Amino acid sequence: MSGDGSLAVAGANSIVYAFDASGNVLWQKDLGNGTITSVAVARDGNRVAVAKNRNPLITNASLLDKVLFLYDRNGNVIWEFSDTFGVKKVDISDDGSKIA
């Protein structure tokens, strides 16, 4: 949740949801196969980081899968990261400039 409570984010299965302070859905993204493992919101609410596990349908261990995502407040993709492993936890700096 953002520091002022204006943006809350949650993941369910492969879908990430962003809500306003009244609980209205602002946007949602289906990240495909795999399960969301972690979400983080910058204190100012301008960046949302999402991690997910690897798509279980990809059986070739050398193939890449999108596992880490960064969105702006409106749900626009800033970047996506692909790897042969999933990501279990994600965190974001207060200003959204660093992802760990």
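At 39% relative accessibility, Phe-81 counts as partly exposed; on this scale, buried means under 20% relative accessible area, exposed means over 50%, and partly exposed is in between, using a 1.4 Å probe and protein chains only. The model is a predicted one, where local features need pLDDT of at least 70 and side-chain atom pairs count only at pLDDT 80 or more, while totals for chains, interfaces and linings use all residues. Residues are numbered from 1 along each chain as its sequence is written, and side-chain values use heavy atoms, with hydrogens and water left out.

Phe-81 sits in strand 7, residues 77-83 (strands are DSSP runs of E, at least two residues, and helices are runs of H or I, at least four, numbered from the N terminus). Together with Ile-78 and Trp-79, Phe-81 makes a nonpolar surface patch of about 260 Å². Patch members have over 30% relative accessible area and no salt bridge; nonpolar side chains (Val, Leu, Ile, Met, Phe, Trp, Tyr) are joined within 5 Å and like charges within 9 Å. The areas come from the Shrake-Rupley method with a 1.4 Å probe, and for residues only the protein chains shown count as cover.

Now for the inside. In soluble globular proteins, nonpolar side chains tend to be buried together. Here the largest nonpolar core has 12 residues, among them Leu-7, Trp-27, Ile-36, Val-50, Phe-69 and Tyr-71. A core of this kind is a set of buried Ala, Val, Leu, Ile, Met, Phe, Trp, Tyr and Cys residues joined through side-chain atoms within 4.5 Å. Strand 2 (15-19), strand 4, strand 5 and strand 6 (65-72) each give two or more residues to this core. A second, separate core of 10 residues includes Ala-40, Ala-42, Leu-68 and Val-87.

What about the aromatic rings? The count comes to 3 aromatic pairs, where rings of Phe, Tyr and Trp (its six-membered ring) pair if their centres lie within 6.5 Å; planes under 30 degrees apart are stacked, over 60 edge-to-face, and the rest tilted. The Trp-27 and Tyr-71 pair is tilted, because the planes stand at 45 degrees, with the ring centres 5.4 Å apart. Trp-27 belongs to strand 3 (residues 25-30) and Tyr-71 to strand 6, so this pair ties together parts that are 44 residues apart in sequence. Trp-27 is buried at 8% relative accessibility, and Tyr-71 is buried at 2%. Phe-69 and Tyr-71 form a stacked pair, 6.3 Å centre to centre with 10 degrees between the planes. Phe-69 is buried too, at 3%, and ring pairs link Trp-27, Phe-69 and Tyr-71 into a cluster.

Lys-52, in strand 5, is buried at 1% relative accessibility. Leaving aside neighbours within four places in sequence, Lys-52 is in contact (heavy atoms within 4.5 Å) with residues including Leu-31, Ile-36, Asp-65, Phe-69 and Val-87.

Finally, the charged side chains. A search of the whole structure finds 1 salt bridge, meaning a side-chain nitrogen of Lys or Arg within 4 Å of a carboxyl oxygen of Asp or Glu. Arg-43 and Asp-94 form it, at 3.5 Å from N to O. Arg-43 lies in the loop between strand 4 (36-41) and strand 5 (47-52), and Asp-94 in the segment after strand 7, so the bridge ties together parts that are 51 residues apart in sequence. Arg-43 is exposed, at 53%, whereas Asp-94 is partly exposed, at 48%.
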